[in-house]
Amino acid sequence: MSGVRRLIRTIVFLGLLGVIGFTLYNVFFYKPKVIGLEQLEKLPKVKDVTLTVTPRSYVDLVEVKAFQGPKEVLLFRGRLPERTNEVTFRVEPQVLGLRNGPARVLVEVRRFFLFREGFEVQATVDVDPPRIRIIYAPYRVLQGGSGGIRVKASEEVDLFVEVGKRRFRSFKVSEDNTYIAFFGVPVDASPREVIKVVAVDEAGNRTVVPLGTGIRRNRFRRVTIDLSRRENLVRTKIYSLLGGNLENMDFVTAFKEVNEKLRKRDEERIREIGKRSKPQRFWRGRFLQMRGAKVLSYFGERRRYVYKGKVISRSWHLGYDLASVRNSEVPAANSGEVVFAGDLGIYGNTVIIDHGFGIMSLYAHLADFRVKEGDFVKKGQIIGVTDMTGLAFGDHLHFTVLIDGYEVTPLEWWDPRWIRTRIEPVFSD
Ligand SMILES: [Zn+2]
């Protein structure tokens, strides 16, 4: 009996020893670390900071202090929540009496009410938001049209133009922090939409300035396309675009798949390519229109596709369809660098030329290519010939202008007067 008791006592003793040993090990050898300290390096006017303690190692309290000269201020003091190991707090240096300039931030974690671990960060306080002065902005822009601005910032900033959900980047054009940006207004933008310029400085201070540029309503045609009348051609096109094993899909489903899903996929690809624009101006003067061509379709057309008397799908036509004789030569609308020459789904064989500072031109449904990616082309140089590759029901060129990958009407870019009065001021001091 006593032997069993002794055994139990030994087991309990060893167990306790294990627990104590494990705890001591945790306390002395398994020290906590703090993740996210780099957020404290730059302190703007307002900043929300989230610090994570890992491993937890019995940490119960987190304390964050800032030191600047003789000044010592508390940024945060609080318990570490059980589940998340995370504390979030807002830092407002000005409210705490910190001034612009260097500061030292100390993050301390407390364990068992007495052990403290400290982590130090060299911080810079900058509570001044950037100031921006608009040197040029257009008075009004058209739905589906383009605009450009020239602004000067009080310091180096990340600057962009916001039009609804679209964001257009800017390019720094001189060392005195002058920036230019081009933007495109969506065809369905509300004339009440406020176009804004947003500037964010290195510390994270943000300035938003409404541009004061109005949006003018544009008139777009409504067009109905009857698919029943060319069902065989459409059928061949859509099944080959969907690629293989879809013989069981009915015509209507297949058409919707191509006109909606593939269209979206290809537009996303165009946006992606649009981001590759170089910070240089490659072009001069008005953009060229294909010679002797007739306009088959206009920019901004609202298309309804009808099959057997029913509307089965819709789309916006965001380019010009230009038709001439079969396999007409297609000139580059302006000088630039070829950033894409290849198959682009519903656009068929496509060439995209970068003219710099976010502006590109796109040529779709071509037969083949006379240029390749990386080539520099001169205005008027032949880049390919027209055809009906992709989702085209006849030989024509689908032409559009892109800003940051968003389609805008080429009509303005074909107009020398518009270029002179609306775009040239963006480039001049
Ligand atoms: Zn088209």
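Colleague: Which helix holds Phe427, and how should I read such a label?

Modeller: Phe427 belongs to helix α5, which covers residues 416-427; helices (H or I, at least four residues) and strands (E, at least two) are DSSP runs, numbered from the N terminus. This is a predicted model, in which local features need pLDDT of at least 70 and side-chain atom pairs count only at pLDDT 80 or more, whereas totals for chains, interfaces and linings use all residues. Residues are numbered from 1 along each chain as its sequence is written, and side-chain values use heavy atoms, with hydrogens and water left out.

Colleague: Is Phe427 buried or partly exposed, and which residues does Phe427 touch?

Modeller: The scale is relative accessible area, with buried under 20%, exposed over 50% and partly exposed in between (1.4 Å probe, protein chains only). On that scale Phe427, at 22%, counts as partly exposed. Contact (heavy atoms within 4.5 Å) links Phe427 to Arg150, Ile180, Phe182, Arg281, Trp283 and Phe357, once residues up to four places away in sequence are set aside. Along the chain Phe427 and Tyr136 are 291 residues apart, and yet their C-alpha atoms are separated by 9.5 Å.

Colleague: Which peptide bond is cis, and which loop contains Pro55?

Modeller: The bond running from Thr54 to Pro55 is cis, with omega near -10 degrees. Pro55 is placed in the loop that connects β3 (47-54) with β4 (59-68).

Colleague: Turning to the metal, which residues are the protein donors of the zinc ion, and how are those donors spaced in sequence?

Modeller: Donors are N, O and S atoms within 2.8 Å of the metal (3.2 Å for Na, K and Ca), and, as water is not among the atoms, sites may look incomplete. Here the protein donors are His317 through NE2, Asp321 through OD and His398 through ND1, at 1.9 to 2.1 Å from the zinc ion, and their spacing in sequence reads H-x3-D-x76-H. Because His317 is in strand β21 (residues 310-317) and His398 is in strand β29 (residues 397-403), the pair ties together parts that are 81 residues apart in sequence. His317 is buried at a relative accessible area of 5%, and His398 is buried at 6%.

Colleague: How do the axes of helix α2 and helix α3 cross, and which residues meet there?

Modeller: Two packed helices are described by the angle between their axes and the distance between the axes. The axes (lines fitted to C-alpha atoms, for helices over the stretch in contact, with angles from 0 to 180 degrees between N-to-C directions) of α2 (residues 231-242) and α3 (residues 251-274) come within 10 Å and cross at roughly 60 degrees. That angle makes α2 oblique to α3, given that under 35 degrees counts as roughly parallel, over 145 as roughly antiparallel, 65 to 115 as roughly perpendicular and the rest as oblique. From α2, Glu231, Val234, Arg235, Ile238, Tyr239, Leu241 and Leu242 meet Phe251, Ala254, Phe255, Glu257, Val258 and Leu262 of α3.

Colleague: Which residues does Val151 touch, and what surrounds Tyr179 and Asp201?

Modeller: Val151, in strand β11 (residues 146-153), is buried at 0% relative accessibility and, beyond four places in sequence, touches Arg133, Ile134, Ile135, Leu159, Asn177, Thr178 and Tyr179. Tyr179 lies in strand β14 (residues 178-184), is buried at 3%, and has contacts that include Val151, Glu155, Glu156 and Val157. Asp201, in strand β15 (residues 196-201), is buried at 4% and has among its contacts Asp126, Asp128, Glu155 and Glu156.
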